[in-house]
Amino acid sequence: MATTIFGHWGCPAHEPENSPAGFRYALTHGAEGIETDLHLTKDGVPVIIHDETLYRTTNGTGQVADYTLAELRQFWLPNGECIPTLADFLQLVGTAPVQLNLEFKTDVERYPGIEETVLPLVKEAPLAKPVIFSSFWLKDEFSDAGYTNNQIKHVMELAGAKHYFDASSGFLKITVEGGTLLVTISQLIEVITKLDFIRHAGIK
């Protein structure tokens with residue numbers, strides 16, 4: 001099995017995490033993939049930052065969700081760059097031959113509508129490879145939201161999935177146009193992959 005080298009948050013060993021400079025470094029130093037994190041601003045713009053709060057990675061304070069994009073622009077990463085938007089990130093990646101893993105950071109702040117906001121931006125981008133959508137939303141939270149296995153199957157069908165195997169088998173296998181996705185979750189036996197990822201598994 002081949003190993004794929006991902007730049008997690010870009011390349012935080014050389015540039016601030018989730019910074020444009022870090023993403024550029026990863027792209028020019030052999031990374032085969034980039035993993036990054038998505039939040040929504042108060043006015044519904046997807047931005048790239050790991051935490052729900054600003055204080056750890058910027059000179060700002062408070063919650064990302066409490067600021068509009070224009071208001072977030074007053075804060076800076078340690079290298080003086082602004083918090084990038086998803087649109088900024090996709091433009092930076094362009095047609096580079098890298099696999100993107102976009103993580104919906106919805107385990108604390110739910111960000112209703114984030115999927116419907118993100119997907120059109122991704123679909124319009126001239127990306128070279130399909131996008132992995134991931135998240136950490138535990139099974140009890142998933143069940144509390146009222147979703148059933150039948151609903152999961154339905155949204156997978158809408159996404160173009162041809163086959164579905166229950167996560168309890170240790171693998172979630174999704175066959176879509178362009179290939180088969182195998183998602184290993186044996187280490188997360190009690191966790192159901194978040195609806196966001198399942199729903200959009202076939203989106204490139």
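Here is a short chat about reading salt bridges in a predicted model.

Biologist: Before we start, what kind of model is this, and how are residues numbered?

Modeller: It's a predicted model, where local features need pLDDT of at least 70, side-chain atom pairs count only at pLDDT 80 or more, and totals for chains, interfaces and linings use all residues. Residues are numbered from 1 along each chain as its sequence is written, and side-chain values use heavy atoms, with hydrogens and water left out.

Biologist: What is a salt bridge, and how many are there?

Modeller: Look for a side-chain nitrogen of Lys or Arg within 4 Å of a carboxyl oxygen of Asp or Glu. This structure has five. Take Glu17 and Arg56, with N to O at 2.8 Å. That pair links distant parts of the chain, 39 residues apart.

Biologist: Which residues form a network of salt bridges?

Modeller: Glu17, Asp51 and Arg56 are linked that way.

Biologist: Is Glu17 buried or exposed?

Modeller: Buried means under 20% relative accessible area, exposed over 50%, partly exposed in between (1.4 Å probe, protein chains only). Glu17 has 14%, so Glu17 is buried. Arg56, at 43%, is partly exposed.

Biologist: What about Glu81 and Arg24?

Modeller: They form a salt bridge too, with the closest N and O atoms 3.0 Å apart. This pair also links distant parts of the chain, 57 residues apart. Glu81 is buried at 16%, while Arg24 is partly exposed at 41%.

Biologist: And are Lys105 and Glu103 buried or exposed?

Modeller: Lys105 is buried at 9%, and Glu103 is buried at 8%. Their side chains meet in a salt bridge, 3.3 Å from N to O.

Note on methods. Helix = DSSP H or I, 4+ residues; strand = E, 2+ residues; numbered from the N terminus.
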